[in-house]
Structure formats: C-alpha cells, structure tokens
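Visitor: I have a model open and some time to go through it. Can we take it piece by piece?
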Amino acid sequence: MKNFTFYNPVKIIFGKGQIPTVAKEIPVGAKVLVTYGGGSIFKNGVYDQVKAALGEFEVVEFGGIEPNPHYETLMKAVALAKAESVDFILSVGGGSVLDGTKFIAAAIRYEGADPWELLSQKATVKAQSAVPFGAVLTLAATGSEMNSGAVITRESTKEKLSFGSPHTFPKFSVLDPETLFSLPPRQISNGIVDAYTHVLEQYLTYPVNSPLQDRQAEAVLLTLIEEGPKVLQNPQDYDAMANFMWAATNALNGTLSAGVVTDWATHMIGHELTALHGIDHARTLAVVLPSLLRYKQESKQAKLLQYGERVWSITSGTPAERVEATVQATVRFFESVDIKTRLSDYAVGPDTIQHIVERFEQRGPKNLGERGDIQPRDVQEILTMSL
Ligand code: NZQ
Ligand code: ZN
C-alpha cells in the first residue's frame, strides 16, 4: 500500500426527516445565504422544509445555479454574498449547486485578481480560506457532499475545470433519501453511472496490495448494481434509495483512494465532452470508460481480471477474453440503466475529437492515467474507439 494522509471532516446527517437539524449545525446568529438550482426544490417540498428549519436565521437566497454550474452565474452570487456580508452558505440541491457553493465560498475570500484562477492556475493558486457552508443534498451521484472538490464551467470559453482545497469541505451534509423521490429517471441513471465510474477510476489501475480498499470498492460497485435498478424501477423505495445514496457518497469520499493509485483520465476527457456539447457528466463517462479500459487493458489487466471475477463472476477464457467480457458486462450495465455508451449516440463526431486533442496539447492536462502515460494522441485513439 502507498503512504497516504486521510482527512475528511464532513459531518453526515443521514436519514428521513433530518432537514430540521440544519438549525443546530449553523452558528447561532449567522446570516445565511441559501443557494439552489433551477427550482426542483420548490416542487418537492425541500425548500419549505429548509425555510422552516432556518426560521430563526436571517436568510438571503440565490437561485438559478445551473447543471454544470457556470462561473458567470456564481460570480453574481459572490457579489450578493459580499454585499450582504453573509456568514454561512447552505447549498440546497444536487452536485452542481454544491460545487457552485464551494466555488462561491472560496471566491468570496479570494484575494487575487479573479477567482477563476483557482481553477485555471490550480497548480500554483490555492484557496487560502472559504466561507463555511453546509449542504442539503437532493441528488445522489457526485460525492460532492463528502469531499472538497468542485467542477466549474466557464460558459464564455466552454471550459470545465476542477479545483479543491482543505477549506472546501462542507461543514455538514444532510442526506435525506426522501428528497430523492422526485428525481426524474434521467438523473437517477446519471447518478448510478457517475458513482460507479468514480469507483472504477480509483480501483481499475494496478495492484498495490490493498485488499481492504479493493473490497470496499467492490462493495460499492455491487451495491450500485443491486440497488440502482430498484431505484429506477421505484423511486419511492426508501430502503433502496437510502442504500443507493450512501453508496454514491462512499464512492468519492476519499476512503477508496487512500493508499492506492488512481486514474481519473475518463473524467478529464469526459469534462471536455460536457464543456463542448453539454452532454450530461455521467453520459460522457459511459462513452469514454469502455474504450479507455480496452485501450489500457495490458497495464490494467490484473485489476480488470479481479474486477471481472469478483463483480461479474467472469472466470473462464484467456485473460484477454475475460477482460473483453468484463468490459462488455460494464457496458451492458450502463445500457441497462438507460445510459448510451457511444459518441454517435450523442451526435458527436471526429471533429470534436480533434478539438479535444488540440485543447489537451495546448492547455493540458497531459500525462493522464495512473501511470501518467495517456497523452493527447492516446486520447485521440480512445475517443475514436468510442465513435
Ligand atoms: O436545478 P434543479 O432545478 O435543482 O434541478 C436539478 C438539475 O436539473 C435536478 N435535480 C436535483 N435534485 C432533484 C432534481 N430534480 C428533481 N428532484 C430532485 N431531488 O437534477 C438536474 C441535475 O442536477 P446536478 O446537480 O447538475 O446533477 P449532479 O448531482 O449529477 O451534479 C453534476 C455536476 O457535478 C460535477 C459534474 O461535473 C457536474 O458538473 N461533479 C462533481 C464532483 C465532485 N464535486 O466531487 C465529482 C463528479 O465527478 C462530477 O464531476
Ligand atoms: Zn463524476
């Protein structure tokens, strides 16, 4: 196992009826900025629950944070928060509202010229501080509720970049599975595939003798395979939703990556497809991942064989046959939850591949993957395999 530092200060408050507890978690007398998205919280009763819980607090609201949250929108929230001198931010929504809130929280305290530098120059520019924030999560997918990362889109340049810092962990996250009952099938499907891919990006690399992390990863995968379809079938199934929600949180809260090597090339490539074509995040992953696994099957073989055997019971055939059967099982799972896995399904052609390769050559990222050996020309091969 590799050396590691594990730090995760997020308090998780899980279960039905837990939204009122936010009142105890926010400092007494704080002026609270409530951030939210396009309005789903007004239709499913979550807004009313939050409003009731915050009865004793002075509240300012900022809505309209879009999926793949835009820097341009978030900077309006930064201006509002500064003008109102807010002390605390409460994110009410999915991963986009929460990622956007992380950016707002860090941008308010940013002392450089433009908070976009937190993303565009993240190798050297780090958040030094952030306004404290918490979350009421209404969509299980990203793990943002228990990590410090955020992915922000700059609409004017069609860039989608990430940042993270020890200051951008939520102070708490309320995970009430009942808030997910109103999710449309498309978002449930996205959540299953996003969480599943988070696990694979941390698991399908090369062995470092980490049996605990491997089995934790396999546990999350098997839980998503079992509970995901139940949730799609019946989004009011509390027990299945609770299991799905907690699995998605555990897919990206740092435990699976502790002491192991991680890949993340699928996410880096997928972010470009969202930035350029607006394809839902999870769908970009479902397109990129199968080709990436096939392309890197030699260096990933040991873990691919383990994954195939332990998750899909694939034990016969040559190693190459077992790897192919394993990738096919993964694709079948994605398709079974209504996620298409080819670029052509999203009307994306070779010109976009060229555009992405040029971006990676000029701006990076380069040296992708667990061995740092995926270069722009490899990205071209991988995406061409996905056409
Ligand atoms: O905006 P509203 O009206 O709230 O509607 C949202 C949105 O249209 C809707 N929704 C959310 N909760 C709902 C609901 N509709 C009905 N009932 C509910 N309970 O769902 C739509 C999608 O929401 P969004 O927040 O965009 O989805 P998700 O949670 O999948 O977040 C995706 C974003 O997270 C980033 C992605 O890149 C993308 O920008 N990621 C963040 C990560 C992180 N912070 O660690 C890691 C991930 O890999 C991912 O990159
Ligand atoms: Zn993701």
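Guide: One definition to start: a residue is buried if 20 or more other C-beta atoms lie within 10 Å of its own, and exposed if 12 or fewer do. Bear in mind that this is a predicted model.

Visitor: Fine. How many of the 14 residues of H9 are buried?
Guide: The count is 11 of the 14, so H9 is largely enclosed by the rest of the structure. Among the buried ones are Met-241, Asn-243, Phe-244, Met-245 and Thr-249.

Visitor: What do the buried residues of H9 pack against?
Guide: They pack against strand S8 (172-175), helix H7 (185-203) and helix H8 (211-233).

Visitor: And the length, what should the 14 residues of H9 span?
Guide: At 1.5 Å a residue H9 (residues 238-251) should span 20 Å, and its end C-alpha atoms are 20 Å apart, which agrees.

Visitor: Next helix. How far does H10 reach from its first C-alpha to its last?
Guide: H10 covers residues 265-277 and reaches 19 Å, close to the 18 Å expected for its 13 residues. The buried set includes His-267, His-271, Glu-272 and Thr-274.

Visitor: Which elements do the buried residues of H10 pack against?
Guide: Strands S6 and S7, along with helices H7, H11, H14 (350-363) and H15 (376-385).

Visitor: What follows H10?
Guide: Gly-278, with a positive phi near 70°.

Visitor: Step back a bit. Into which domains is the protein divided?
Guide: There is domain 1 (11-179) and domain 2 (185-385). Their C-alpha centres are 26 Å apart. Domain 1 puts 19 residues into the contact and domain 2 puts in 23.

Visitor: Which elements give two or more residues to the domain 1 side?
Guide: Strand S6 (149-154) and strand S7 (159-164). By type, the residues on that side of domain 1 are 8 nonpolar, 5 polar and 6 charged.

Visitor: Now the core. Which residues of the largest nonpolar core touch the most other members?
Guide: Val-92, Ile-104, Val-136, Val-193, Ala-195 and Val-199, out of 110 residues in that core. Helix H11 (residues 281-295) supplies the largest share, 9 residues.

Visitor: Where does this core lie relative to domain 1 and domain 2?
Guide: Both domains give residues to the core, so it lies between them. As a general point, nonpolar side chains in soluble globular proteins tend to be buried together.

Visitor: Take Ala-195. What is it in contact with, leaving aside neighbours within four places in sequence?
Guide: Ala-195 is in contact with Ala-141, Leu-224, Ala-247, Ala-248 and Ala-251. Ala-247, Ala-248 and Ala-251 are also buried residues of H9.

Visitor: Last one. Is Ser-129 buried or exposed?
Guide: Exposed, because Ser-129 has 12 C-beta neighbours inside 10 Å. Ser-129 is in the loop between helix H6 (117-120) and strand S5 (133-137).

Visitor: What does Ser-129 touch, not counting residues up to four places away?
Guide: Arg-109 and His-167. Tyr-295, by contrast, is 41 Å from Ser-129, C-alpha to C-alpha, and 166 residues away in sequence.

Methods:
Residues are numbered from 1 along each chain as its sequence is written. Chains are lettered from A and ligands numbered from 1 in the order in which they are written. This is a predicted model: local features need pLDDT of at least 70, side-chain atom pairs count only at pLDDT 80 or more; totals for chains, interfaces and linings use all residues. A nonpolar core is a set of buried Ala, Val, Leu, Ile, Met, Phe, Trp, Tyr and Cys residues joined through C-beta atoms within 7 Å. Helices (H or I, at least four residues) and strands (E, at least two) are DSSP runs, numbered from the N terminus. Domain bounds come from an automatic or database domain assignment. Two residues are in contact if their C-beta atoms, placed from the backbone, lie within 7 Å. Ala, Val, Leu, Ile, Met, Phe, Trp, Tyr, Cys and Pro count as nonpolar, Asp, Glu, Lys and Arg as charged, and the others, Gly among them, as polar. The expected span of a helix is 1.5 Å times one less than its number of residues.
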